[in-house]
Amino acid sequence: MFKRVPGTKDILPNETPSWQRIETEARKVFSLYNYQEIRTPIIEDAALFNRTLGATTEIVQKQMFIIHNQEDTYALRPEGTASIVRSYLENSLDKTSGFTKLYYIGPMFRLERPQKGRLRQFHHIGCEAIGSQDAALDVEVIALASQLLENFGITGYKIILNSLGCLKDKQALSSELEKNLSEKSKELCCDCQERLKKNVLRVLDCKNEKCRLIVKELSVNQSHLCPDCLSHFEEVKKGLKLLNIPFEIQDHLVRGLDYYNRTVFEITHSNLGSQDAIAAGGRYNNLVRELGGPELGGIGFAFGVERLFLAAGERVANSQKKLIYLITLGEAAKETGIKILNQLRKNNIACDTDYLSKSLKGALRAANDAAANLVLILGDDELKNNIITLKDMSQSTQKEVKLEDLVEELKC
RNA sequence: GUGGCUGUAGCUCAAUUGGUUAGAGCAUCAGAUUGUGGUUCUGAGGGUUGCGGGAUCGUUCCCCGUCAGCCACCCCA
């Protein structure tokens with residue numbers, strides 16, 4: 001027998017209602033904030049991710065699903081932002097409107113070792129607002145994320161916020177860290193010694209206690225921020241307070257991807273275990289230009305859908321659907337039956353029958369399992385008199401209706 | 001990529017220090033006087049004990065390998 005590829009999941013019929021609910025809710029909230037959906041291919045030129053996420057990041061170095069064509073190297077997208085900015089520029093959205101708000105829903109791929117809340121194919125619900133550097137936009141985006149969570153019915157989450165500063169600030173911080181940490185490099189954990197070479201900022205959020213102490217001594221807070229970035233950050237904080245959105249500043253929150261600068265944030269939930277981020281995002285003021293576009297700022301975030309479900313706990317999606325179940329007895333009735341089903345469906349009435357030629361008792365059981373609220377019984381007796389029996393399953397009552405009046409009867 | 005734990009029916013789990021035909025609940029299907037569901041009762045089907053090797057008179061149980069899953073590290077949504 002064939003098996004799923006490791007780290008992938010089948011989303012089965014008993015789970016799809018929850019997915020549909022989340023997606024519908026997301027679309028609703030995005031449109032409240034005037035975001036429009038964009039759908040980009042799941043494969044891209046691998047170099048796109050190299051360029052945007054950073055060539056030294058683990059995602060690019062180890063975690064991309066690579067497809068080699070004869071002359072090209074494609075990658076299954078590991079995240080959404082790069083593709084969307086690519087599409088934004090390729091389709092000249094920057095020229096058709098000054099400011100663009102986009103959202104997306106779809107699968108992402110990373111070749112990691114699977115674990116709780118970490119799959120090789122997972123799903124993002126995210127958005128990108130491109131074309132403005134306004135701090136009010138940062139506030140709106142975070143407010144949007146928090147409203148999404150509320151509408152999903154998820155509580156107990158925490159919004160963590162920080163500012164990395166502009167490119168210059170980031171570089172200054174990096175070189176300062178490099179200088180200070182290399183003196184103590186032997187005291188750092190193995191991972192951090194690696195980070196020191198590849199991405200110093202990551203040392204700041206190391207979980208190792210020793211490293212934390214060392215970092216604490218360096219007392220990195222927002223002191224590396226230039227006046228502009230500092231006031232931007234202040235405005236963001238002020239805006240969030242204005243909207244009563246609780247948040248926590250963590251000056252060791254850096255993000256892993258190169259394109260982030262200024263505002264970065266993460267939303268965590270304690271239900272998730274070690275992969276505790278259900279959403280993350282931030283500002284990327286150099287990304288558009290990096291991809292050959294104009295000097296335009298942007299900000300976005302993404303939710304991990306599978307992680308949302310973990311945060312929400314067991315959720316029963318009660319779908320209050322209406323279903324009519326037709327039971328026919330005998331060959332003659334069966335023929336009339338398929339005509340009735342067809343007629344009902346043409347009239348937008350949901351209906352089904354059993355295709356296993358069960359006994360009446362068995363068919364009623366099947367109707368019950370299908371959660372039908374109404375059953376139509378068509379047997380020899382009914383056929384002879386040109387009627388059909390309607391049985392209300394919850395009331396356990398039944399009545400007879402003329403076949404020609406059936407559709408009208410069921411419409412009300 | 002590194003480390004630890006686990007792998008028995010569709011699902012959740014049993015199987016007495018290694019000892020006869022590997023059990024139960026749920027689920028499925030069928031019946032309980034010939035055309036009436038949910039509750040109840042009865043019965044049936046369903047397992048190469050993940051796969052491969054080894055040690056043993058003998059293994060679901062011990063050893064090795066492999067695959068898969070879980071958890072943590074790393075990384076990240």
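How are helix 1 and helix 6 oriented to each other? They are oblique, therefore neither roughly parallel (under 35 degrees), nor roughly antiparallel (over 145), nor roughly perpendicular (65 to 115).

First, the ground rules. This is a predicted model, where local features need pLDDT of at least 70, side-chain atom pairs count only at pLDDT 80 or more, and totals for chains, interfaces and linings use all residues. Residues are numbered from 1 along each chain as its sequence is written, while chains are lettered from A and ligands numbered from 1 in the order in which they are written.

Back to the helices. Helices are DSSP runs of H or I with at least four residues, strands are runs of E with at least two, and both are numbered from the N terminus. The axes of helix 1 (residues 16-32) and helix 6 (residues 135-152) come within 10 Å and cross at roughly 140°. Axes here are lines fitted to C-alpha atoms over the stretch in contact, with angles from 0 to 180 degrees between N-to-C directions. Helix 1 brings Ile22, Glu25, Ala26 and Val29 to the contact, and helix 6 brings Leu144, Gln147, Leu148, Asn151 and Phe152. Contact means C-beta atoms, placed from the backbone, within 7 Å. By class, that is six nonpolar, two polar and one charged.

Helix 6 has another partner. Its axis comes within 8 Å of that of helix 10 (residues 227-242), crossing at roughly 40°. That makes this pair oblique too. From helix 6, Ala135, Ala136, Asp138, Val139 and Ile142 meet His232, Glu235, Val236, Gly239 and Leu240 of helix 10. Six of these residues are nonpolar, two polar and two charged.

Now the RNA. How many residues surround RNA strand B? The count is 57, with Lys116, Gly256, Ser274, Ala280 and Gly304 the closest. A residue is near the strand if its C-beta atom, placed from the backbone, lies within 6 Å. Elements giving two or more residues include helix 3 (58-62), strand 10 (277-283) and helix 14 (360-369). Helix 14 gives the largest share, seven residues. The surface has 18 nonpolar, 16 polar and 23 charged residues.

Last, the domains. An automatic or database assignment sets the bounds. Chain A divides into domain 1 (16-166 + 226-312) and domain 2 (324-411). Their C-alpha centres lie 50 Å apart.

Note on methods: Nonpolar A, V, L, I, M, F, W, Y, C, P; charged D, E, K, R; others polar. Contact = placed C-beta atoms within 7 Å.
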